Amino acid sequence: MEELLLEFQIKITRVSLNIQRYLIDKIDLNNRLIVIKGARGAGKTTLLLQLAKLNLPLQSTLYISLDHIYFFENKLYDLAKQFTQFGGTHLLLDEVHKYPNWSREIKLIYDNFPELAVIFTSSSMLEIYKSESDLSRRAVSYYLKEMSFREFITFETNETFSSYTLTEILKNHNTIATKILTEIKPLPLFEKYLKIGAYPYYKENEAHYIQKLQNTINLIIEIDINAVEDLQYDTLIKLKKLLITVASSAPFTPNITKLSEKIGVSRNLLVQSIKILERAGLVSELYKDTSGIGVLTKPEKLYLNNSNLMYSLAKDNTNIGNVRETFFLNQFKGLHEINLSETADFIIDKTYTFEIGGKNKSKKQIANTKNAYVAKDGVEIGFGNVIPVWLFGFMY
C-alpha cells in the first residue's frame, strides 16, 4: 500500500487547479458513497484528483485506478480494510467497471467500514441499479458531461465566464451577450469548439485531436462497452458499423427494417445496440414524446452525441446545419427535457420551441407558435426571440 500512497502523492502534485470543470462545485462530499459517471475522455480522473487536492485531507486519502497491476494479486476489499486500519478516511477509485465484482466489494466496503468515504468513477455505460449488489440505494450519482462552450472558452483564453440558466438566457440574452462581447469574440471560438472542443484532452495536441478521438471511440466500443455488456466480437464490429451509418447522415431517421438488414442484426438487437451507443456517450436518441418510451422503442431521430464526433466520423459528409442541431441538443441533454418539435426542430421542457439555423434563418416557421425562438448561428447578438446559438453553450 505504501507504493500506492506514493503514486497518489505524485499524481496530486502534478494535477493543476487552474481550470476546473463545472461539476466540481456541485458534488456533495458529505455523502459516503459517490459515483461520477461520464464518457471516456470527459475528464473524470482529473476531476477526482482536483476534488482531493481542493477538499480532502490528503494524509488520509488514497486514489487508485482499478486497472492498476496491484489488483492482479490483491482485492479491493482487502485494500480498503488495510487503508482504514491505518486511518484512511477517503478512498478514490477510478474506472471501477474494469474490476471484476466491483459492486459486491464496494457494497461490503460501504457496509463494513462506516468511517470510510468512497468516491468512484466509471464509464457512462454503467447502470449501478442493475449491478449485482444494487448500489443505487447507497450511492449518490453525478454525470460529467463533455465540455460546454463556456468551459472551452476558459481552456482557450483563461478567462472565466458565468453560467446562466435557460430562463436567464431567454429573458436577458441581449444583455448577457453584450457583456460577453466586451471580453471575447465568440464566433471564431465557437467554430473551433464545434470541431475540437468537446473533450479536455484536445489541449494536449490539437493537430492530432481527431485521430485521438477516433482512438477513443474504438476504446469505448472495444473496452468500455464490452466491460459492461460482455458482447461477442462480431457484435462489437456491428456497433461500429451502426455508428458509421448514423454518422454519415446524422440527424438520422432510422428505418429499422432496412437498417437491421444493412447491419446484419435482428430488429430487437438493433434497437438495443442504439441504446448501448447512447449510454456510451456516442449517440443521442430523440423522440417527439417520451411518455411511452420502452426499452425496445426505436428513436424517431438519431444524432451523434456531439459535433466533434461528427467531424471525426463523417469527415467530408459533415453538414453545418446538422452540426448546429447536434450542438444545441448536446448542450441541453441531461439539463432539460428535449424532444422533437411538431412545428420546428426541438421543444424544451414541453414549453419552449426552437428552430435552429444560420444567420439568414427567418422566423416564418415559428410565427404562429407560442414561446418559440430562433437559435441563430453566425450572429454575435440577438434581439427579441432570436438568440445566438452559441449562447446556449453557457448553461453549464
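Tutor: In this predicted model, Glu151 is a buried residue, because its relative accessible area is 4%, and buried means under 20%. Glu151 belongs to helix α5, which spans residues 149-157. Beyond its neighbours within four places in sequence, Glu151 is in contact with Arg21, Tyr22, Glu146 and Tyr396.

Helix α5 also takes part in covering another helix, α7. Within α7, residues 186-196, the buried residues are Pro186, Leu189, Phe190, Tyr193, Leu194 and Ile196. Besides α5, the elements that cover these buried residues include α6 (166-181), α8 (209-229), α12 (307-313) and α13 (320-332).

A further case of packing concerns a pair of helices. In general, two packed helices are described by the angle between their axes and the distance between the axes. For helix α3 (residues 76-85) and helix α4 (residues 102-112), the axes come within 9 Å and cross at roughly 25°. Helix α3 is therefore roughly parallel to α4, since angles under 35 degrees count as roughly parallel. The crossing of these two helices, α3 and α4, is right-handed. On the α3 side, the contact involves Leu76, Tyr77 and Ala80; these meet Glu105, Ile106, Leu108, Ile109 and Asn112 of α4.

Terms used
Residues are numbered from 1 along each chain as its sequence is written. This is a predicted model: local features need pLDDT of at least 70, side-chain atom pairs count only at pLDDT 80 or more; totals for chains, interfaces and linings use all residues. Side-chain values use heavy atoms; hydrogens and water are left out. Helices (H or I, at least four residues) and strands (E, at least two) are DSSP runs, numbered from the N terminus. Buried means under 20% relative accessible area, exposed over 50%, partly exposed in between (1.4 Å probe, protein chains only). Contact means heavy atoms within 4.5 Å. Axes are lines fitted to C-alpha atoms, for helices over the stretch in contact, and angles run from 0 to 180 degrees between N-to-C directions. Angles under 35 degrees count as roughly parallel, over 145 as roughly antiparallel, 65 to 115 as roughly perpendicular and the rest as oblique. A crossing is left-handed if the near helix is turned anticlockwise from the far one by less than a right angle, and right-handed if clockwise.
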